[in-house]
Amino acid sequence: MLTKAEIGRRLWGPEAGGSENTVSIMFQMLVNSENREEFWRIFQLGWPTADASWEWRTIIKDFLDHHSPAAPFLDGKDKEFFDGLPGVVTVYRGCSSDRVRGLAWTTDIEIARQFARGHRQIDVPSPVVATAQIPKAAIYTVTMDRNEYEVVLNYRRLRRLKTEPYERAPMTGNEAVHAYS
């Protein structure tokens, strides 16, 4: 079984190449994981630093369906956050209007607004803030990494989904990176 240090070296070592490659590296590690405990260790470490995940969402969702739930493998702040969620959770997502049904949501609307305006130097064309409800049973995992109150969920189980355009000042020059997730 891979240690956290080995997972970290593979995900973020010199040969990894940056956060836009994290999903593909993480996916290969997930494919080769020995058991559910290792699967969730890899996912919990890799996911919070993975950018450009949109193209991977369907295959990752299928993997998460197969390996869920993560709850038995959560610890610390993640476990406390998950255990405190109600049976139906209100979630938010800041993203491009054509990328609403993604895996990554948050329980904090201000975090969603940060992503809509271009969080972490990532440009977001046609930004929206989506609001929805999700049964707790449809949440694959959560992470408190970066204090984003992130909820990784089955986007096919979203209910009462609404979107509102997000008005923001446009990013300019070197501030914008068009590799949004």
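**Entry 1: helix α2**

I began with α2 and listed its buried residues as Thr 22, Val 23, Ile 25, Met 26, Phe 27, Met 29 and Leu 30. Buried here means under 20% relative accessible area, exposed means over 50%, and partly exposed is in between, with a 1.4 Å probe and protein chains only. Helices (H or I, at least four residues) and strands (E, at least two) are DSSP runs, numbered from the N terminus. The model is predicted: local features need pLDDT of at least 70 and side-chain atom pairs count only at pLDDT 80 or more, while totals for chains, interfaces and linings use all residues. Residues are numbered from 1 along each chain as its sequence is written, and side-chain values use heavy atoms, with hydrogens and water left out.

I noted that seven of the 10 residues of α2 are buried, so the helix is mostly covered. I then looked for what covers these residues, and found that the cover includes α1, α3 (36–46) and α4 (57–67). Contact, here and below, means heavy atoms within 4.5 Å.

**Entry 2: α1 against α2**

I looked up the packing of α1 (residues 4–12) on α2 and found an angle of about 140°, with the axes 9 Å apart. Axes are lines fitted to C-alpha atoms, for helices over the stretch in contact, and angles run from 0 to 180 degrees between N-to-C directions. The pair is therefore oblique; angles under 35 degrees count as roughly parallel, over 145 as roughly antiparallel, 65 to 115 as roughly perpendicular and the rest as oblique. The crossing of α1 and α2 is right-handed. A crossing is right-handed if the near helix is turned clockwise from the far one by less than a right angle, and left-handed if anticlockwise. On the α1 side I listed Ile 7, Arg 10 and Leu 11 as making the contact, and on the α2 side Thr 22, Ile 25, Met 26 and Met 29.

I found Glu 38, Phe 39, Trp 40, Ile 42, Phe 43, Gln 44 and Gly 46 buried in α3. Their cover includes α1, α2, α4, α5 (76–83), β4 and β5 (150–153). At the start of α3, I found a side-chain oxygen of Asn 35 within 3.1 Å of the backbone nitrogen of Glu 37. This is a polar contact, that is, a pair of N or O atoms within 3.5 Å; within protein, one must be able to donate a hydrogen and the other to accept it, and residues adjacent in sequence count only if both atoms are side-chain atoms.

I checked α3 against α4 next: the angle is about 140° and the axes are 11 Å apart. These two helices are therefore oblique to each other, and their crossing is left-handed. Arg 36, Phe 39, Trp 40 and Phe 43 of α3 meet Ile 60, Phe 63, Leu 64 and His 67 of α4.

**Entry 3: nonpolar cores**

I asked which members of the largest nonpolar core touch the most others. Among its 42 residues, they are Phe 43, Leu 64 and Val 91. A nonpolar core is a set of buried Ala, Val, Leu, Ile, Met, Phe, Trp, Tyr and Cys residues joined through side-chain atoms within 4.5 Å. Helix α2 (residues 22–31) gives the largest share of this core, five residues. A second, separate core has five residues, including Tyr 92, Ala 112, Ala 116 and Tyr 166.

I also listed the contacts of Phe 43, leaving aside neighbours within four places in sequence: Met 26, Leu 30, Pro 48, Ile 60, Leu 64, Thr 141 and Val 152.

**Entry 4: two strand residues**

Thr 143 is in strand β4 (residues 139–143) and, at 4% relative accessibility, counts as buried. A polar atom of its side chain lies 3.1 Å from the backbone nitrogen of Asp 145. Not counting residues up to four places away in sequence, Thr 143 touches Gln 44, Pro 48, Asp 78, Tyr 149 and Glu 150.

Glu 164 sits in strand β6 (residues 159–165) and is exposed, at 56%. Its C-alpha atom is 5.5 Å from that of Val 129, 35 residues apart along the chain.

**Entry 5: backbone geometry**

I found a cis peptide bond between Ser 68 and Pro 69, with omega about 0°; Pro 69 is in the loop between α4 and α5. Ser 126, in the loop between α6 and β3, has a positive phi of about 50°. Asn 147, in the loop between β4 and β5, has a phi near 55° and is partly exposed at 45%. Most residues other than glycine have a negative phi, and most peptide bonds are trans.
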